[in-house]
Every structure is written in C-alpha cells, then in structure tokens.
Amino acid sequence: MKARRRWISALGPLFGLLSIYSVFAIFGPESFATVGTLETIARQTAIVGTAALGMTLVIISGGIDLSVGSIVAMTSVIVALVLDAGGSPIAAVAAATAGGALCGLASGILITRLRVAPFIVTLGMLLLIRGAAKGLGREQKVDAPITWLVELLATLPPDRKWIIVPVGVWLLLVLAGATAFLLHFTKLGVHIFSIGSSEKTARLCGVPVERIKVVVYALSGALAGVTGMLQFSRLTVGDPTVAVGLELDVIAAVVIGGGSLAGGEGGVLGTLVGAFIMTVIRAGTSQMGLPNWVQEILTGAIIVTAVAIDRWRHRRAVES
C-alpha cells in the first residue's frame, strides 16, 4: 500500500503535466504542439526551475523563503555592474552566485539565531534585498556590454540546433542532477529530510539542525543567484524591479510537484514537473489569446488544489 502511494505521489504531477499539455494541444492553436513552442516552454521554465531547486531544499527542511524574487533582481544587477566595470562573464557569474549565497546565509543565520519563523525573516529580507537592488542600480536598469551570457536563453541559431535546447536549459538539468544527488546520496540530504520530518527527533539523533538550516538557505540563495544570471541573459540588462512575485511561482512549482509545506517531502523531479506545468499553462493561455486574469485563475486553482491534496495525504497518513 505504501509503495503504491509513493508511486502515485511521484507520478501524479507528471500525469498532470501530460494532461494539461494534451488539453492545450487539442483545443489550442496548431502552433502550440510544435518543436518551437516546446523550446520556448523549456527556456521559460529555466528561470523558475532553477530557483525552485533551492526552494525544494528549503521546503523539505520545513522552511520557506520569500526573498527569492528579490535575490534574482539584485543578482541580475550585480551581473550587469560587473560586466559594465570590465569584468569577465565568469567573474559576473561568480559575483552573482556569491551575492545570492550571502543573502541566503543572512536569512539562515537570522532564522536560527533569533529563532524567528522563516516566513517573517524572509519577508523582511524580501524588502531589504529589493531595496539594495534598487540602490545598486540607482533605481534604473543597468546596461552591460554584450557577452556570451546573453545567449544562454536565446533562441538557438540554425548552426547550433544540434544541442537541442539553449545552454541555460542544460544548466538547469545539470543543477537538478546535482541537487537530486545531494538530497538522496549525501549525509546532508539525509539531515535535510530528517529536520523537515521531525526537527525534535533530528536533534535527539544528533543532527546539527541550526548548521544544516543555514547551509540550506545559503544553497537556496546561491541557486537564486544563478537564476539572476539567467534573468540577465533573458533581458540583457540588470533590472532591480524584475521578478516581483517570482517567489510565489517558485513555491507553487515545489508544492505542485509534491513538496509538502509541512516539510519532509519533496523531490527534484516533481519540482521540475511543477515548474513545467506553470509554464505550459502560461504558454497555452497566451497562444489561445486568453486574458491574463484567466491564466492567474487557472494557476491559483492548481496551487490550491495541490495544497488541498497535500493536506489530504497528510490526514490519511496520520489516520493510518
């Protein structure tokens, strides 16, 4: 019975993705079910998916991070500033990743030292980091010289079609593999699941709870920094006002993919599927010419349904 539940939990989001795609492929315009649209969906999923990998770690550990969107905006500005100052693209990527990791590190330290709920701390960090991003950019978009960074999520030219999808999408897949390895084949991953399942029990077993939480938020921040680099690639400028509300999309992707807001449950494959579901809905409604409010209603309904199913599964688990 438990094995069947695990299979249903793991494959449910995938069936949901295939069902939603099929609906748009059947009832939408012919242009939806094309290779070009699939490539566009993959490129658009790279940003939410990369940030959602970090959020997966945070949610499995029983936390939440509302500052992801602000970190993405700030690190996109950092990339532009480094390039504009004559730095190399590699230096810009390193600076963005380090900047994001420092933001996550600060959130983790505040959460563990002050013993304040992650929701409150990261809500404050959302405003603080957004303000810092605007200060760094002097409340304006920051232009930067053209480098190979702007090609990460660009449409593939004919002579590079052999790589199938843009480099930014491959980067998402590599990071997803690394995150899955961390969760399932390392001691850190075992500790993250144990803290999310029962923090009290984890402490009794000798797990360094505070240290693990700080590491988790730092990793989430670093992945948000990589997302900021991808955001810069998409816009070709550093924009301190971008990614407003992205944290909700990221959290939704994790929850739709089977992650539990109660902690202790979640996975990389489910998160990627959740991110693809949201992108497919946006692409489908857009190509069908439906207004934005319909897209928002559909996305909200799916999120509420996913949370309701999560609560139902927990009640069934407690009762059994």
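Helix 2 and helix 11 are oblique to each other in this predicted model. The two helices, which span residues 35-60 and residues 268-287 respectively, pack at an angle of about 140°, and their axes lie 8 Å apart. The crossing of helix 2 and helix 11 is right-handed. On the side of helix 2, the contact is formed by Thr37, Ile41, Ala42, Gln44, Thr45, Val48, Gly49, Ala52, Leu53 and Thr56. On the side of helix 11, the residues concerned are Val268, Thr271, Leu272, Ala275, Phe276, Thr279, Val280, Ala283 and Gln287. By class, the residues of this contact comprise eleven nonpolar, eight polar and no charged.

Helix 2 also packs against helix 9, which consists of residues 209-235. The axes of helix 2 and helix 9 come within 8 Å and cross at roughly 175°. An angle over 145 degrees counts as roughly antiparallel, and helix 2 and helix 9 are therefore assigned to that class. Helix 2 contributes Gln44, Ala46, Ile47, Thr50, Ala51, Leu53, Gly54, Met55, Leu57 and Val58 to the contact. Helix 9 contributes Val216, Tyr217, Leu219, Ser220, Leu223, Val226, Thr227, Leu230, Gln231 and Arg234. The residues of the contact of helix 2 with helix 9 are divided into 13 nonpolar, six polar and one charged.

Thr50 illustrates the setting of a polar residue within helix 2. Its relative accessible area is 0%, and a residue under 20% counts as buried, so Thr50 belongs to the buried class. When neighbours within four places in sequence are left aside, Thr50 is in contact with Leu172, Leu175, Leu223, Val226, Thr227 and Leu230.

The largest nonpolar core of the model contains 83 residues. Within this core, Leu53, Met55, Val79, Leu149, Ile192, Phe232 and Val250 touch the most other members. Helix 2 gives the most to this core, with twelve residues. In soluble globular proteins, nonpolar side chains tend to be buried together. For Met55, residues up to four places away in sequence were not counted, and the contacts found were with Asp65, Val68, Ser220, Val250, Ile251 and Val254.

A further helix pair is formed by helix 6, residues 167-185, and helix 7, residues 187-197. These helices pack at an angle of about 75°, with their axes 5 Å apart. Angles of 65 to 115 degrees count as roughly perpendicular, and helix 6 and helix 7 are therefore placed in that class. The contact brings Leu182, Leu183 and His184 of helix 6 together with Leu188, Gly189, Val190, Ile192 and Phe193 of helix 7. This contact includes six nonpolar, two polar and no charged residues.

Trp170 is located in helix 6. With a relative accessibility of 39%, Trp170 counts as partly exposed. Trp170 and Ala42 are 128 residues apart in sequence, yet their C-alpha atoms are 9.8 Å apart in space. Apart from neighbours within four places in sequence, Trp170 is in contact with Ile163 and Val165.

The C-alpha atoms of Ala133 and Thr241 are separated by 8.1 Å, although the two residues are 108 residues apart along the chain. Ala133 has a relative accessibility of 0% and counts as buried. With neighbours within four places in sequence left aside, the contacts of Ala133 are with Ala73, Met74, Val77 and Pro240.

Ile164 has a positive phi of about 70° and is placed in the loop between strand 1 (142-143) and helix 6. Ala243 has a positive phi of about 65° and is found in the loop between strand 2 (237-238) and helix 10 (246-256). The accessibilities of these residues fall into separate classes: Ile164, at 60% relative accessibility, counts as exposed, whereas Ala243, at 13%, counts as buried.

Key: Residues numbered from 1 in each chain as written. Predicted model: local features only at pLDDT ≥ 70, side-chain atom pairs only at ≥ 80, totals over all residues. Heavy atoms only, no water. Axes fitted to C-alpha atoms, helices over the stretch in contact; angles between N-to-C directions. Helix = DSSP H or I, 4+ residues; strand = E, 2+ residues; numbered from the N terminus. Parallel < 35°, antiparallel > 145°, perpendicular 65-115°, else oblique. Left-handed = near helix turned anticlockwise from the far one by under 90°. Contact = heavy atoms within 4.5 Å. Core = buried A, V, L, I, M, F, W, Y, C linked by side-chain atoms within 4.5 Å. Buried < 20%, exposed > 50% of the residue type's maximum accessible area, 1.4 Å probe, protein only.
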